[in-house]
Amino acid sequence: MTLWIIGMMGAGKSTAGAMAASSLEVPFFDTDVEIARRLGCSVAQLWGELGEKAFRDMEKAVIAGLADAVAVVSTGGGAPLDEDNRSKMSASGRCVWLRAHPNVLAARVGDSGGRPLLAGRAPTAEILGDLLSERSAWYSSLADHQIETDGMTAEEVAAAITTWWSG
């Protein structure tokens with residue numbers, strides 16, 4: 001069964017997810033890293049050269065390929081917006097939504113370099129808040145559990161994930 005971690009950029013999916021996987025003694029995958037590994041280029045490069053649709057198609061293929069893994073998988077923030085992705089994730093495991101306030105997300109994202117969705121824009125709380133508003137219904141519909149990460153360290157988030165998963 002796959003433990004899917006969903007949420008916005010800056011919520012801590014990759015950092016806490018890797019720690020949770022280590023605690024659970026299972027492999028960890030980050031869909032953005034897997035896309036870059038498979039294509040031999042960065043996500044920003046893929047997005048810039050081939051566009052968002054090509055990225056989303058590759059993201060869908062990576063999620064489908066990991067759906068049967070006994071692993072922790074951190075998804076890109078937009079992955080749950082796709083119906084096929086939601087279907088694969090819900091059928092193959094359980095999902096935890098790492099939530100954070102837009103001010104916290106903006107502070108964590110810092111320089112938006114390497115984040116194509118923010119290309120040319122500073123990751124302000126307003127921009128991230130608007131994006132969160134657009135995505136919240138999708139995250140909520142998919143999530144089996146939610147963890148508010150504001151004020152938590154990555155270690156605390158990882159512990160909360162493993163406690164929920166193991167409970």
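Predicted model: local features only at pLDDT ≥ 70, side-chain atom pairs only at ≥ 80, totals over all residues.
Residues are numbered from 1 along each chain as its sequence is written, and side-chain values use heavy atoms, with hydrogens and water left out.

Thr75 sits in the loop between β3 (72–74) and α5; helices (H or I, at least four residues) and strands (E, at least two) are DSSP runs, numbered from the N terminus. Thr75 counts as buried because its relative accessibility is 2%, the cut-off being under 20% relative accessible area with a 1.4 Å probe, protein chains only.

Now the helices. How do α4 and α5 pack? The axes of α4 and helix α5 (residues 83–92) lie 10 Å apart at an angle of about 15 degrees. Axes are lines fitted to C-alpha atoms, for helices over the stretch in contact, and angles run from 0 to 180 degrees between N-to-C directions. That makes α4 roughly parallel to α5, a term for angles under 35 degrees. Glu59, Lys60, Ile63 and Ala64 of α4 meet Asp84, Asn85, Lys88 and Met89 of α5.

On to α2. Helix α2 (residues 31–39) and helix α4 (residues 52–66) have axes that come within 10 Å and cross at roughly 105 degrees. That makes α2 roughly perpendicular to α4, the range being 65 to 115 degrees.

Methods: Parallel < 35°, antiparallel > 145°, perpendicular 65-115°, else oblique. Contact = heavy atoms within 4.5 Å. Buried < 20%, exposed > 50% of the residue type's maximum accessible area, 1.4 Å probe, protein only.
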